[in-house]
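Student: I would like to go through a model with you. Could we start with a single residue and then turn to the chains?

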There are 2 protein chains.
Amino acid sequence: MTTAPRVRMAPDTRREQLLELGVRLFAHRSLDELSIDTLAEEAGISRGLLYHYFGTKREFHRAVVRRAADDLIAVTAPGDGGTPLERMTGSLERYVDYVVANREGYLSLVKGAAGGNEDMREIYEESRAALTDRIFASSSEAELAELGLDDTASVRLMVRGWAALTEEVVLSWIADPGGLSKQQLLASLARSLPALVNTL
Amino acid sequence: MTTAPRVRMAPDTRREQLLELGVRLFAHRSLDELSIDTLAEEAGISRGLLYHYFGTKREFHRAVVRRAADDLIAVTAPGDGGTPLERMTGSLERYVDYVVANREGYLSLVKGAAGGNEDMREIYEESRAALTDRIFASSSEAELAELGLDDTASVRLMVRGWAALTEEVVLSWIADPGGLSKQQLLASLARSLPALVNTL
């Protein structure tokens with residue numbers, strides 16, 4: 001009988017840990033600043049090993065941003081209790097908290113997407129679609145009606161506009177709150193969606 | 001007495017003509033596709049002469065985009081007649097018409113600005129500020145009240161959000177109208193601003 005091999009971390013687990021570290025670093029860095037070198041230094045491992053896990057710098061970036069976007073989608077999932085408006089306000093609050101805590105990385109995703117980085121664009125569009133489509137997918141017809149929504153093309157167009165407004169207002173509010181408390185901001189954004197659909 | 005010199009176009013006039021040609025080409029091209037070579041070919045003059053007028057490719061791009069942004073600001077200036085809401089709707093209509101007619105160049109400006117091109121960002125921010133600040137600058141207090149607006153930091157925050165919404169909705173509507181006529185779109189966008197401010 002040979003000696004049992006030393007217990008080693010499975011490669012998937014190791015990659016997972018490195019990915020989580022990458023996401024934490026991404027919170028306060030732009031994509032340009034998120035280098036394999038930085039991650040290698042923070043993780044205390046060689047660049048070669050990182051290339052082993054992630055292939056290329058581009059793959060590494062894609063994996064980190066994809067994970068960050070998945071985190072955002074997960075953390076903003078509407079809860080179970082309360083009225084549709086309360087659930088939307090809760091979801092918005094977690095969105096605002098996420099953007100406050102991950103401002104650099106989030107801005108980098110937004111800029112990368114708009115600036116023509118195809119990977120970033122794909123992930124950004126997917127996550128924005130997930131965030132807005134969820135309003136329709138996770139609500140019954142009666143609940144949608146309570147928010148003043150029905151599932152038509154023009155309402156979906158306005159929901160896209162509302163998502164752009166929310167992103168702009170939240171990023172501007174973080175830079176300069178203009179006398180608005182977080183609760184006032186959230187209440188205003190939540191009321192905005194039915195108000196906008198009502199203009200159709 | 002010497003012979004009068006042959007009438008020549010003044011250099012400023014020539015530069016002006018070339019700039020206008022650049023803006024026309026920019027309507028259907030991204031910034032990346034708007035090269036000195038293309039302009040030289042369209043204008044039937046040498047690349048050398050173009051560099052003489054514009055210095056560098058970067059200066060040429062900056063001049064074209066600055067002029068395009070000035071055109072947009074000029075064309076969307078609110079008219080004189082009618083109620084504040086009618087004037088805003090007229091201004092919005094000219095904005096939509098401009099974006100329809102200059103979609104590629106406009107998208108390129110938006111993407112360049114968001115993607116971290118500092119020149120594009122500066123011009124984009126200036127023109128967006130001009131478009132939104134004008135609502136306050138060109139209206140009396142009574143007219144602002146008629147639109148449901150007053151000039152506070154939180155209202156200005158919401159006006160920024162409305163500008164982002166308008167840009168997103170108009171670009172999405174051009175790609176897929178979702179059953180909305182242009183008049184319906186305009187009416188909805190014009191009503192959106194007071195509706196949004198009302199949520200504060």
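Student: Which helix of chain B does B:Val159 lie in?

Tutor: B:Val159 lies in helix H9 of chain B, residues 153–175; helices are DSSP runs of H or I, at least four residues, numbered from the N terminus. This is a predicted model, in which local features need pLDDT of at least 70, side-chain atom pairs count only at pLDDT 80 or more, and totals for chains, interfaces and linings use all residues. Residues are numbered from 1 along each chain as its sequence is written, chains are lettered from A and ligands numbered from 1 in the order written, and side-chain values use heavy atoms, without hydrogens and water.

Student: Is B:Val159 buried or exposed?

Tutor: B:Val159 is buried, at a relative accessible area of 1% (buried is under 20%, exposed over 50%, partly exposed in between, with a 1.4 Å probe and protein chains only).

Student: What does B:Val159 touch, leaving out residues up to four places away in sequence?

Tutor: Its contacts (heavy atoms within 4.5 Å) are B:Thr132, B:Ile135, B:Phe136 and B:Leu193. B:Leu193 is 34 residues away in sequence, yet the C-alpha atoms are 7.1 Å apart.

Student: Now the interface: how many salt bridges are there between chain A and chain B?

Tutor: There are four, a salt bridge being a side-chain nitrogen of Lys or Arg within 4 Å of a carboxyl oxygen of Asp or Glu. B:Glu168 forms one with A:Arg160, with the closest N and O atoms 2.9 Å apart.

Student: Which helix gives the largest share of the side of chain A that touches chain B?

Tutor: H9(A) does, with 13 residues.

Terms used:
Helices (H or I, at least four residues) and strands (E, at least two) are DSSP runs, numbered from the N terminus.
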